[in-house]
Amino acid sequence: MSDLASMRCRPLEGHPPMDPAEIRAHLARVRGWELADGAIRRRFDFADFHRTMAFVNALAWIAHVEDHHPDVAFGYNHCTVRFNTHSVGGISINDFVCAAKVDALLP
């Protein structure tokens with residue numbers, strides 16, 4: 001488990017968003033995620049709908065436990081996850097913590 005995956009999300013109201021250099025440094029720590037439209041995003045591909053839905057349900061549990069909720073779009077064999085932090089108006093450490101936890105769902 002990466003050090004990010006072992007962290008917990010925390011309230012960040014009143015904190016500034018990460019600057020571009022911080023975002024780039026953290027993106028290097030979560031393989032497959034990219035910066036897109038003010039958020040970090042990753043597409044996950046699966047063999048079938050059952051596996052996609054199992055992933056989406058596990059993702060929902062992470063979001064619930066961390067109280068940090070992504071935008072999610074999915075279809076038969078794919079799911080795109082998008083994290084940003086509304087309370088800071090951009091990207092925060094919480095986005096990378098959840099990205100790492102989501103990555104840990106896969107082998």
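The legends below describe close-up views of a predicted model. Local features are reported at pLDDT of at least 70 and side-chain atom pairs only at pLDDT 80 or more, whereas totals for chains, interfaces and linings use all residues. Residues are numbered from 1 along each chain as its sequence is written, and side-chain values rest on heavy atoms, with hydrogens and water left out.

View A. The largest pocket holds about 220 Å³ of space, the volume being the space filled by probe spheres set on grid points that are joined across faces, edges and corners. A pocket is here an open set of points on a 1 Å grid over the protein atoms alone, where a 1.4 Å probe fits, with protein on both sides within 12 Å along at least five of seven lines, and lining residues have an atom within 4 Å of a point. The lining comprises 14 residues, of which D67, H68, T85, S87 and N94 lie nearest the centre of the pocket. By class, the lining divides into 3 nonpolar, 7 polar and 4 charged residues, where Ala, Val, Leu, Ile, Met, Phe, Trp, Tyr, Cys and Pro count as nonpolar, Asp, Glu, Lys and Arg as charged, and the others, Gly among them, as polar.

**View B. Helix α1 and its buried face.** Helix α1 spans residues 20–27, and I23, H26 and L27 are buried in it; helices are DSSP runs of H or I of at least four residues, strands are E runs of at least two, and both are numbered from the N terminus. Buried means under 20% relative accessible area and exposed over 50%, with partly exposed in between (1.4 Å probe, protein chains only). Seen down the axis of α1, the buried residues fall within an arc of 100°, so they line one face of the helix; the arc is that of the directions from the helix axis to the C-beta atoms. These buried residues pack against β1 (34–36), β2 and α3 (93–103), a contact being heavy atoms within 4.5 Å. At the start of α1, a side-chain oxygen of D19 comes to within 3.0 Å of the backbone nitrogen of A21.

**View C. D48 in the loop between β2 and α2.** D48 sits in the loop that joins β2 (39–45) to α2 (49–66), and at 19% relative accessibility this residue counts as buried. Its side chain reaches the backbone nitrogen of H50 at 3.3 Å. Residues up to four places away in sequence aside, D48 touches Y76 and N77.

**View D. F83 in strand β4.** F83 belongs to strand β4 (residues 78–83) and is buried, at 1% relative accessibility. Neighbours within four places in sequence aside, the contacts of F83 include W33, L59, H68, C98 and V102. F83 and R41, 42 residues apart in sequence, have their C-alpha atoms 6.5 Å apart in space.

**View E. K101 in helix α3.** K101 lies in helix α3 and is buried, with a relative accessible area of 15%. Not counting residues up to four places away in sequence, K101 touches A5, M7, I62 and E66.

View F. D37, in the loop between β1 and β2, is a residue other than glycine with a positive phi near 55°, and counts as exposed at 68% relative accessibility. D67, in the loop between α2 and β3 (71–75), has a positive phi of about 55° although it is not a glycine, and is exposed with a relative accessible area of 61%.

Note on methods
Polar contact = N/O pair within 3.5 Å; in protein donor to acceptor, adjacent residues only side chain to side chain.
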